[in-house]
Amino acid sequence: MNHPAPSSEVKAVAIATADEMRERIRRKSKLKGRQPDEASLAEVRALIGLRPEAGHRRDLLIEHLHLLNDAYRCLHERHLVALAREMNIPMAEVYEVATFYHHFEVVRGDGKAPGLTVRVCDGLACELAGAQDLLARLPALLGSADVRVIAAPCIGRCEQAPAALVHQTAVPLATPETIVEEVKRPLVHIERAPLAINFIASDFAEKSLPGWTGEGAPAFTDYAAYRRQGGYALAAALAHGKKEAEPVLKAMEDSGLRGLGGAGFPAGRKWRIVQGQPAPRVMAVNIDEGEPGTFKDRFYLERDPHRFLEGMLVAAQVVGVQACYIYLRDEYHDCRRMLQAEIAKLQADPPFPPHVSLPLIELRRGAGAYICGEESAMIESIEGKRGEPRMRPPYIAEVGLFGRPTLEHNFETLYWVRDIVEKGPHWFSGFGRHGRKGLRSFSVSGRVRQPGVKLAPAGITLRELIDEYCGGMADGHTLYAYLPGGASGGIFPASHANVPLDFDTLQPHGGFIGSAAVMVLGQHDKARDAALNMMRFFAHESCGQCTPCRVGTAKAAQLMQAPRWDHATLEDLNEVMTDASICGLGQAAPNPVRCVQKYFSHEVA
C-alpha cells in the first residue's frame, strides 16, 4: 500500500476560544461547597472576635455556637458556614456538633426560630407535680406563634417541681400564671447585688439544709466574704510551702471520701493515680448534673461557690495540675453568671504569693446533653466535639483531656476538700449509720412533705430519711416505692425502706445509690409509670453511638406502654444493652425495668 509521506508541519487545532478558556479557569478556581457571605462573616466576627494570629482554638467551637445561639435564638445555616470559615474547620464538623446538642437548633435558609422558648420539665418529680397539665394548657394561654412550649428532660430543680425555664430564667413551682407572667417580662437580665452571707454547709451536717425561700436566686458567699472567714487559707498555705502536699493527700485517703457524682471511686486514690502520671496534667470538673432527681450540686454552688473553687485549687496543687476546666450544665444560667463573676474576682486578686501562678481556670458551658455527665463524653464536649463516650482503655487518668493525664471530679467531691483537711479526715468518716461511714447529700423529691437537700449520714435508710429529714410523707400519701439513685438506680418497694443507702448496699437488690437522687412515690403512683418515664428519658438522651443503647432504649420504651409487658423480649433487650453498650447509660437503662418485673410484677401482669 502507498502511504503519504509524513509531514514535519504541526497544525494547530482550536479546542476553545480565549473566552471559553477564561471561563474554564474561573470555574476551576472557585472553591467547592457553600461559601460564606460577607454579612454573615461580619456577624460571626462581631461575636467571636477577629481571628487570632494562631487561629481560633478548635476546643472553643461549642462556646462560639452558644454566642450565636444566644444572639439569634437559633443557629442559622449561613452562620455555621461563616463560623467554619473563621475557625478553619470543615462545615460538616461544625454541623455535626451543632446538631448533637438539644439546646442548639439549626435553621435552614431564611427560616426563623421562635423568639422565645418555654421549656417545661417532664422529669419524674415534675410529672408527679403536674407537668403534663402545664404542657397541655400553656400553648393556648400564651397564644403566640413566636412563643414555643416544649417538654424538657430534668432541669435540676426537682425540689421546686413543677419547674420550667422561660428562655434562660428558671420558674420554680411553676403554674400557668407564673409562666405567662415571666413570658411577658422583657428579656433583660438584671444583675443582683450579692448578700455577703457566710454559708457553711458542714454546720448542717445531719440536718435538712435551708430550702428555697421563694424570693429568686438565693444569697451566696462572695469572694470577699469567703476570704474574711478564712477562705483560701489552705490553698495559700500550699502555695507558700507552709503545708506539704502529702499530708493533704493522706487526709483525703483516710477520710474515705468517694466520688459523689455517682461512680463512687475513692477520691484520694484518684489523686495519687493522676499525680503519678507524667506532666502536664489537667483537671476536668463535672457540674453537668443531668441525672433526673439530682440538684445537690446546684444547691451548694448557688450558695457557696468558693468552697468548691478552693477544693479545686487544693487538688490542683497536690496533684500538679496546670489547667482546670469546669463543665457546667446549660440549664444553670444564674449559676453560670455568678460563677463567671466570682472566678474573675479570684483571678484578679489571687490568694497565692506573686511567684506562684494560679492554674488556668476555664468555665465551659454544656448544651443540653445528659450523656456529657459521663466523664469521657464530657471531655469530648470540652474539646468542642460531640459528647460521645470514649472506649477504654486508655483511661482518662492516663490519656484524657487534650490527650493529657486528667483528674476528673464531680463538684461535690471537691466541695468537701477544705472541711476534710481543716477538720481532719475523722470528722468526715465519723458520720454514718448501720456500719457505713461518711456524709451524703441526698436530693429528695416526690411525695414527701419537705423536699430538698438533706446532709445525712451515709447508710441512713429511706424510712429514717423521710421521717427525720423530710417531715414525713406528703399529706394524703403513704410510701409505695422509691428511686434511690435517679433514673439509673432502680426502683424499690416500701418493703425495702430499711436498706441502708450508700455505695455498694443496693447492688444486691438490683440498683445503686449513684448521685443519691431519692424520688419517693406514694400509693396513688405506679412504679411502671416511673420506669416508663425513665426509659423515655434514656431514649431521648442516648448519644446514638452504639446500636444496643440507641435502638434498645427506644424499643423498650415502646414495649413498656403495653398493659401487659412482653417480659421475654424486654429481657432480651436488657441483656443486650447491659452487655454491649459502651457507657453507663445503656448499661444501667434496664435497672428500672428489671426492678418493676421483680418487685411490682402485679402492675404489668
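Are Tyr300 and Trp416 buried or exposed? I looked this up first. Tyr300 is buried, and Trp416 is buried too. I call a residue buried under 20% relative accessible area, exposed over 50% and partly exposed in between, with a 1.4 Å probe and protein chains only.

**Ground rules.** I am reading a predicted model, where local features need pLDDT of at least 70, side-chain atom pairs count only at pLDDT 80 or more, and totals for chains, interfaces and linings use all residues. I number residues from 1 along each chain as its sequence is written, and side-chain values use heavy atoms, with hydrogens and water left out. Helices (H or I, at least four residues) and strands (E, at least two) are DSSP runs, numbered from the N terminus.

**Rings.** I pair rings of Phe, Tyr and Trp (its six-membered ring) if their centres lie within 6.5 Å; planes under 30 degrees apart are stacked, over 60 edge-to-face, and the rest tilted. By this rule I get 21 aromatic pairs. One of them is Tyr300 with Trp416, edge-to-face, at 6.0 Å centre to centre and 75° between the planes. Tyr300 sits in helix H13 (residues 296-303) and Trp416 in the loop between helix H17 (411-415) and helix H18 (417-423), so this pair ties together parts 116 residues apart in sequence.

I then followed Trp416 to Trp427. Their ring centres are 6.2 Å apart and their planes stand at 45°, so I log this pair as tilted. Trp427 belongs to helix H19 (residues 425-429), so the link from the H17-H18 loop joins parts 11 residues apart in sequence. Trp416 has a relative accessible area of 0%. Trp427 is buried as well, at 18%. Ring pairs link both into a cluster, whose members include Phe299, Tyr300, Phe308 and Phe428.

I also checked charges over rings (NZ of Lys or CZ of Arg within 6 Å of the ring centre and within 35 degrees of the ring normal). Arg303 lies over the face of Phe299, 3.7 Å from the ring centre. Lys423 has its charged end over the ring of Trp427, at 5.3 Å from the centre.

**Strand E3.** How many residues of strand E3 (residues 116-121) are buried? I find six of the six, so E3 is largely enclosed by the rest of the structure. Leu116, Val118 and Val120 cover one side, and Thr117, Arg119 and Cys121 the other. Strands pair if DSSP finds at least two bridges between them. E3 runs parallel to strand E4 (residues 147-152), with six bridges. Leu116 faces Val147 there. Three bridges join E3 to strand E5 (residues 164-166), this time antiparallel. Val120 has Ala164 of E5 as its bridge partner.

**Helix H3.** Buried residues of H3 include Leu61, His64 and Leu68. Contact means heavy atoms within 4.5 Å. The buried residues of H3 pack against several elements, among them helix H2 (38-48), strand E1 (75-76) and helix H16 (375-382). Just after H3, I noted a positive phi of about 65° at Arg73.

**The open sheet.** Six strands run in the order E7-E13-E12-E16-E14-E15, with mixed pairing. Strand E7 (207-208) and strand E15 (492-493) are at the edges with a single partner strand each, so one side of each has no neighbour in the sheet. Strand E12 (residues 439-446) pairs with strand E16 (residues 517-522) in the parallel sense, over four bridges. Ser445 stands opposite Met519 of E16.
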